[in-house]
Amino acid sequence: MKGEEAIVRRAHALSSVWFIPILALILGLYMVVHNWVSQGPVIEIAFSTANGLEPGQTRIKYRNVDMGVVDNVRLNEEFDGIIATAKLDKQATPLLREDTRFWVVTAQVGLDRITGLDTLLSGAYIQLSPGSGEEGRRSFDALDQPPLTPTHADGLRLQLTSSHATSVSNGDAVLFRGFRVGRVENVRFDPVSRIVRYVIFIDAPYHELVNSSVRFWDVSGIAITATTEGVEVNTGSLDTVLLGGIAFGTPPGIPEGEPVEHNAQFRLYETYDEIVQNPYTFGTYYVASFSQTIKGLAPGAPVEYRGIPIGRVERLLLRESMSEALAEGFEGRGR
């Protein structure tokens, strides 16, 4: 009787029962790795208040495209400000540079402009303005007010100084022959030098109108001058009459100057008449005697040599008062 032969079969290395758990594990690992690779940066933004900031709701936008959302809002260590933690999309990483700026956009209604009306329905959001410095920064200080000039705007930024405060304020117009060519970015009083400093920005291509010979003057409100020849009324544009503004130009008879660099400093005159009184930086005073009548000659009239303006009439005097005027001297004014 022959013995029965045993049938030997190789067992499967892995039962089909494990297929679904292993597939789920692979998918889970893929999702974890993908989420880690595609995850954007986490940044901190310091604000003075938490007005308009809601965790999980306040969006961060650039060119009206969502870049992320505020994840957490807390007090800083000194309890004098707010730290907002935000998670950004990966595409926002190249936008985070040393000079990147953030500010809260809300509805603002002023006499000269209305902004942020869309936030009445959608809520406040944080605006991102990318800089041009080195990448990699993750902690920022937010601006209290939106910047009046974009970061990469072409133009010319200048510094103006005045010994007296005017009605000019942030956002007011800078005019050239009545046309708006720029804006006032900042006004502050320097307690050390006791002068008022104005920072203005002139947009391209109008910045090419500025040279070393131009003068700046205040055109806020209405200037009324009464003389024997009548009443003269000088005004700027309607918005400068209501809100204030600065105008600039080259005084009559003064040749064009050299181009100026960024942050060049000029004096801000109170009126246009103050400019034409003495548009020259250097000069010498003379007294001319006339035996005939000088009817029609008035202060401000040009003095010409072969048709070229070389000066202006400063004062009209009687012969009897000449010696007194010469003794007192004349006070000149520079730029």
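Q: How are residues numbered, and which values are used?
A: Numbering starts from 1 along each chain as its sequence is written. Because the model is predicted, local features need pLDDT of at least 70 and side-chain atom pairs count only at pLDDT 80 or more, while totals for chains, interfaces and linings use all residues; side-chain values use heavy atoms, with hydrogens and water left out.

Q: What is the order of the strands in the open sheet?
A: Strands are DSSP runs (E, at least two residues), numbered from the N terminus, and two strands pair if DSSP finds at least two bridges between them. Here, seven strands form an open sheet in the order 5-8-2-3-4-1-9, with mixed pairing. Strand 5 (101-105) and strand 9 (139-141) are the edge strands, each pairing on one side only.

Q: In which sense do strand 1 and strand 4 run?
A: Strand 1 (residues 42-47) and strand 4 (residues 82-88) run antiparallel and are joined by six bridges. A46 has I83 of strand 4 as its bridge partner.

Q: How does strand 8 pair with strand 2 and with strand 5?
A: Strand 2 (residues 59-62) runs parallel to strand 8, with two bridges between them, and I60 stands opposite I126. Strand 5 pairs with strand 8 in the antiparallel sense over five bridges; R101 has S129 of strand 8 as its bridge partner.

Q: How many residues of strand 8 are buried?
A: Buried means under 20% relative accessible area (1.4 Å probe, protein chains only), exposed over 50%, and partly exposed in between. In strand 8 (residues 125-129), five of the five residues are buried. Y125, Q127 and S129 point one way, and I126 and L128 point the other way.

How values were computed: Helices (H or I, at least four residues) and strands (E, at least two) are DSSP runs, numbered from the N terminus.
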